[in-house]
Amino acid sequence: MTRLPPAIRIEILSRADLLAPVRAMLTSFAERSGFDDVETGHLALAVDEALANVIRHGYDSRPNGRIWLSAFLIEEPERRIRIEIEDEGHQTEPEKIASRDLEEVRPGGLGVHIMQEVTDTCQFERRTPGGMRLILEKTPRRAKKDPSDQNHAGSPENGHQ
Amino acid sequence: MSSGNDMDIKVENRDDSVLVTPIGEVDLARSPSLRSRLKQILGDSPARLVVDLSQVPYMDSSGVATLVEALQQSRSRNCSLFLAGLQDRVRSVFEIARLDTVFTITPDVNSALDA
């Protein structure tokens, strides 16, 4: 299966002041990919939380770690955006990355829960040779196929991840 | 006017209340300045603290955590904390975190000051 190149691939340093420009870029990308205002906001929020986690936990807030963000626009079986975030920071067992009990009201620990809530896919992997990879996917509501709609105007398949 | 990681934060005293108005996005870069300001204000043990979020178009979990911390400090000091004027995107984050019922949220500042 051919893997498409990302529509966007950037490398950023693990600096919190770079979160805003990355959000702005992804907001524009999502809007032009057919996401509505709420979905666009949620996608930007998920990526913000993911990058913040890498900065704080992957790199212990060191500002010179490298983070790679790739954004793919996938058309089949339904239009969706896939974001991959990779780093060279600390590795963690993916199964140990989980949302905490929200009944407990305390600061912190909400990032994973938010990412899981606002995306369709939120998958952590250990990266080779080091660091972590996070895959986020989100499908805009208007792109979700109605099974009764035989005339769905989907675009030709342009690849599968 | 703020720049970089410092938030523009307006603070006004209204009788026994303190009104705090952060202006701009609250994310990992900017939440420390909001946290520091709120901690300083709560150190004076006001009877009521109103955080006007009407000029905050975006907040991530670090901003939410900052306000949870302020809520805990306010409770320990018998201060009533209100969040006022949340924009839809910001309210959505509180709902996702299931904190919309933990905080006292009012539609605007006057509702909080009159409560």
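Hi everyone, let's start in chain B: strand 3 of chain B, helix 2 (residues 61-76) of chain B and strand 4 of chain B form a right-handed β-α-β unit. Right-handed here means that, with the strands pointing away from the viewer, the path from the first strand over the helix to the second runs clockwise. Helices (H or I, at least four residues) and strands (E, at least two) are DSSP runs, numbered from the N terminus.

A quick word on the source: this is a predicted model, where local features need pLDDT of at least 70 and side-chain atom pairs count only at pLDDT 80 or more. Residues are numbered from 1 along each chain as its sequence is written, and chains are lettered from A in the order in which they are written.

From strand 4 of chain B, the chain goes on through helix 3 (residues 88-96) of chain B to strand 5 of chain B, another crossover that is right-handed.

Now the pairing, which takes at least two DSSP bridges between two strands. Strand 3 (residues 48-52) of chain B runs parallel to strand 4 of chain B over five bridges, and B:Val51 sits opposite B:Leu83. Strand 4 of chain B also pairs with strand 5 (residues 104-106) of chain B, in the parallel sense, over three bridges. There, B:Ala84 has B:Thr106 as its bridge partner.

Why is strand 4 of chain B largely enclosed by the rest of the structure? Because four of its five residues (80-84) are buried, meaning under 20% relative accessible area with a 1.4 Å probe, protein chains only.

Over in chain A, six of the eight residues of helix 3 (residues 111-118) are buried, so that helix is largely enclosed too. Among them are A:His113 and A:Met115.

Key. Side-chain values use heavy atoms; hydrogens and water are left out. Buried means under 20% relative accessible area, exposed over 50%, partly exposed in between (1.4 Å probe, protein chains only).
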